[in-house]
Amino acid sequence: MNANFPIEDQKALTRVQGYLELEMPKEALSELKTFHETLRDSPIAVEMAIVVLIRLQRWKTAAARARKLCRLQPGLPAGFIHLAYCLHETGQTAAARETLLKGPSALHKEATYFYNLACYEAVLGDLDSARRHLARSISINKRFLEFARNDTDLAALHPELKA
């Protein structure tokens, strides 16, 4: 985990990660509540909380934590990707798109950034832009082609994505 934390905090982080791997997000959330305040406000714990909340589909709470992660790590992609995803899931797709477009340049190295932009553009009706972003995503990580074939956000592009 993180050698900068006391051993008990490291164990708590490991337990949350274990619960997530076992698809037990409610237990992970309970474990998060045991964190000391210094750990709770660390970027790693904030991101873990976001992942747990997303798994529980608690979009607004996850978005609030993602905003915090954006403030804690403004030059890193994770908070912006999580925040945009939460916004999209609450029907705020245009805001999700803007969140990514206004995010740090480090996003431009992430396949997830381009994939999510493709999804948001497709939902918003700009299929040409969606195609470009999806192609970029796939060029970074080929696995995104398989994701795209099953993603309802990209349904308009499915005929073009056949095996």
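**Exercise 1. Which residue forms a salt bridge with Arg131, and how far apart are the closest N and O atoms?**

The ground rules come before the solution. This is a predicted model, in which local features need pLDDT of at least 70 and side-chain atom pairs count only at pLDDT 80 or more, while totals for chains, interfaces and linings use all residues. Residues are numbered from 1 along each chain as its sequence is written, and side-chain values use heavy atoms, with hydrogens and water left out.

Solution. 
- Step 1. Apply the criterion: a side-chain nitrogen of Lys or Arg within 4 Å of a carboxyl oxygen of Asp or Glu.
- Step 2. Arg131 meets it with Glu160, at 2.8 Å between the closest N and O atoms.
- Step 3. Helices here are DSSP runs (H or I, at least four residues), numbered from the N terminus.
- Step 4. Check accessibility. Buried means under 20% relative accessible area, exposed over 50%, and partly exposed in between (1.4 Å probe, protein chains only). Arg131 has 32% and counts as partly exposed. Glu160, at 46%, is also partly exposed.

**Exercise 2. Locate the salt bridge between Glu31 and Arg15, and classify both residues by accessibility.**

Solution. 
- Step 1. The closest N and O atoms of Glu31 and Arg15 are 2.9 Å apart.
- Step 2. Glu31 belongs to helix α2 (residues 25–32) and Arg15 to helix α1 (residues 7–21). The two are 16 residues apart, and the pair links distant parts of the chain.
- Step 3. Glu31 is buried, at 11% relative accessible area. Arg15 is partly exposed, at 36%.

**Exercise 3. Which residues are linked with Arg97 in a network of salt bridges?**

Solution. 
- Step 1. The network links Arg97, Glu98 and Glu121.
- Step 2. Within it, the side chains of Glu98 and Arg97 meet at 2.5 Å, N to O.
- Step 3. Glu98 is partly exposed at 31%, and Arg97 is partly exposed at 23%.
- Step 4. Glu121 lies in helix α8 (residues 111–124). Its relative accessibility is 5%, so Glu121 counts as buried.
- Step 5. List the contacts (heavy atoms within 4.5 Å). Not counting residues up to four places away in sequence, Glu121 touches Arg97, Asp126, Ser129, Ala130 and His133.

**Exercise 4. Describe how α1 packs against α4.**

Solution. 
- Step 1. Set up the geometry. Axes are lines fitted to C-alpha atoms, for helices over the stretch in contact, and angles run from 0 to 180 degrees between N-to-C directions.
- Step 2. The axes of α1 and helix α4 (residues 43–55) come within 11 Å and cross at roughly 25°. That makes α1 roughly parallel to α4. The classes are: under 35 degrees roughly parallel, over 145 roughly antiparallel, 65 to 115 roughly perpendicular, and the rest oblique.
- Step 3. Read the contact. Leu13, Val16, Gln17 and Leu20 of α1 meet Ile44, Ala45, Met48, Val51, Val52 and Arg55 of α4.
- Step 4. Sort these residues: 8 are nonpolar, 1 is polar and 1 is charged. Ala, Val, Leu, Ile, Met, Phe, Trp, Tyr, Cys and Pro count as nonpolar, Asp, Glu, Lys and Arg as charged, and the others, Gly among them, as polar.

**Exercise 5. Are α6 and α7 roughly parallel or roughly antiparallel?**

Solution. 
- Step 1. Helix α6 (residues 78–89) and helix α7 (residues 93–101) pack at about 170°, their axes 7 Å apart.
- Step 2. That makes α6 roughly antiparallel to α7.
- Step 3. From α6, Phe80, Ile81, Leu83, Ala84, Leu87 and His88 meet Thr93, Ala95, Ala96, Thr99 and Leu100 of α7.
- Step 4. The contact has 8 nonpolar, 3 polar and no charged residues.
- Step 5. Now take Leu107, in the loop between α7 and α8. Leu107 is buried, at 0%. Beyond its neighbours within four places in sequence, Leu107 contacts Pro77, Phe80, Ile81, Leu100 and Tyr113.

**Exercise 6. What is the phi of Glu23, and where is this residue found?**

Solution. 
- Step 1. Glu23 has a positive phi of about 60°, although it is not a glycine.
- Step 2. Glu23 is in the loop between α1 and α2. At 57%, Glu23 is exposed.
- Step 3. Turn to Gln57, with phi near 60°, a positive value in a residue other than glycine. Gln57 lies in the loop between α4 and α5 (59–72) and is exposed at 56%.
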